[in-house]
Amino acid sequence: MIRSLASRWFAIVLWKRILVALVLGALAGLALGESAEQIRWIGDLFIRMIRMLIVPLVFVTLVSGVIAMKDPKRLGSIGSKAIALYLGTTFFAIVIGIGLALLFRPGVGIDLSGAEATTLQEAGSLADRLLGIVPENPFAAFAEGNVLAVIFFAIMVGAGLIMAAERGQPLARVFESGSETMLKVTAIVMEFAPFGVFALVAWVMGTVGPGTFLNVFLLAIAVYLGCFLHMLIVHGAIVKFFARLPVLPFYRGVREPQLVAYSTSSSSATLPASLSAAEHNLGIKPPVASSVLPLGATINMDGTALYVALISIFAAQAFGVPLDLFDYLLIGLTTTLVSVGTASVPSASLFLMAAVLNVIGMSAAQTAIVVGFILPFDRILDMMRTVANVTGDLAVATVVAVWEDEIDRDTYNALPTE
């Protein structure tokens, strides 16, 4: 009996199991209310299992991917193309965020008097962020989960193994085996995803609940609509026109990481699912997938950029601060800078809001009130903008893979096994 149920369970495609778990989790959260907090530990366990994978997975797959390029110059080609595309999609995300803020005017008439001010952390300078890419101690970077530093060290190791030629082959084979092993471990962990998603969504709906949207209905609508439009128009356009690929297989192939992103609210936590989908659903080969996706999880924050731009104008509307064209340009520029390298953990973008609001004349006290007002229900908004972040990572990886001839078109176009 148990064996029969298990075989039926595993026969269902994983994304469908995750989707059902997400819906059931939302219903359970509404039914349980605050009691849903008691099952949050299951979701936290799932996130811990994923975070356990991130550093070793990024390191071994990236080293293996660099080795597969057989030429360190190709890494510069792939990296420059990916960064240019990431900056381009971020720009359009900011434009959409500003446009929707002006259209919906979510801050007009909002009463912030009841908001409790929240202390903000200062956004680090661009120079500090650039210096942080190079680890003083690689092992400390591994222990701290500093993904950008791990990426830098992995690139150096991979380039060194290419230069070592025959003498580096024994270690190169170790990394290739390690990459395959970590992908299998990822597949094992992902089988736990439906249970983790169920618990996380139940906890969010039970403790936050949709009722909170009534306070910021227009803001919530603008965020969700903006992310949806960005994924549909911008991400779809670069796949269609830059990669010359049909867009339906792309959206079909990214369903699983999108669902994981929505439940975990973390681009880093979704990285294992993104790597798996890139290889098995989109046909992206390791040299591109293992380099572009980890980079995207740390510097590509389309949803965050859209959100920060939208919230900045929301705050200006709420406090009656007039904005002109120059202010909108400042919002766009500053949002781009703070969104690059934003910690890919839930609600991190809220604590970088000070840098953007400061350039349009908002005081620290006003910024603290805005963040305190948004913080209680930010998790639900964060879930959607993380989906936009992850979809952007996979769209850019797809385009770069086509440009570098590192994509299996048969895998990309194949119908999923239902």
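The questions below take the labels in turn.

Me: What kind of model is this, and how are its residues numbered?
Reply: It is a predicted model, in which local features need pLDDT of at least 70, side-chain atom pairs count only at pLDDT 80 or more, and totals for chains, interfaces and linings use all residues. Residues are numbered from 1 along each chain as its sequence is written, and side-chain values use heavy atoms, with hydrogens and water left out.

Me: How confident is the prediction for the protein chain?
Reply: pLDDT is the predictor's confidence in each residue, from 0 to 100. The chain has a mean of 84, and 88% of its residues reach 70 or more. Helix α11 has the highest confidence, at 95, while helix α5 (residues 126-133) has the lowest, at a mean of 69. Where pLDDT is low, predicted coordinates should not be read in detail.

Me: How many helices and strands does the protein chain have?
Reply: The protein chain has 20 helices and zero strands. Both are DSSP runs numbered from the N terminus: helices are H or I with at least four residues, strands are E with at least two.

Me: Why is serine 312 called buried?
Reply: Buried means under 20% relative accessible area, exposed over 50%, and partly exposed in between, with a 1.4 Å probe and protein chains only. Serine 312 has 0%, so it is buried. Serine 312 sits in helix α15 (residues 302-319). Leaving out residues up to four places away in sequence, serine 312 touches Ile331, Val356, Leu357 and Ile360. Such a contact means heavy atoms within 4.5 Å.

Me: What class does tyrosine 224 fall into, and why?
Reply: Its relative accessible area is 22%, so tyrosine 224 is partly exposed. Tyrosine 224 belongs to helix α10 (residues 217-242). Its C-alpha atom is 9.7 Å from that of glycine 303, 79 residues apart along the chain.

Me: What makes the phi of serine 265 and of aspartate 405 worth a remark?
Reply: Most residues other than glycine have a negative phi. Serine 265 has a positive phi of about 55 degrees, and aspartate 405 has a positive phi near 55 degrees.

Me: Are these two residues buried or exposed?
Reply: Serine 265, in the loop between α12 and α13, has 2% and is therefore buried. Aspartate 405, in the loop between α19 (378-403) and α20, has 63% and therefore counts as exposed.

Me: Which residues does UniProt annotate as "transmembrane region"?
Reply: The unreviewed entry covers several spans, including 49-70 and 305-331. Such annotations may be inferred rather than shown by experiment. In the model, residues 49-70 are 95% helix, with end C-alpha atoms 33 Å apart. Residues 305-331 are 81% helix, with end C-alpha atoms 10 Å apart.
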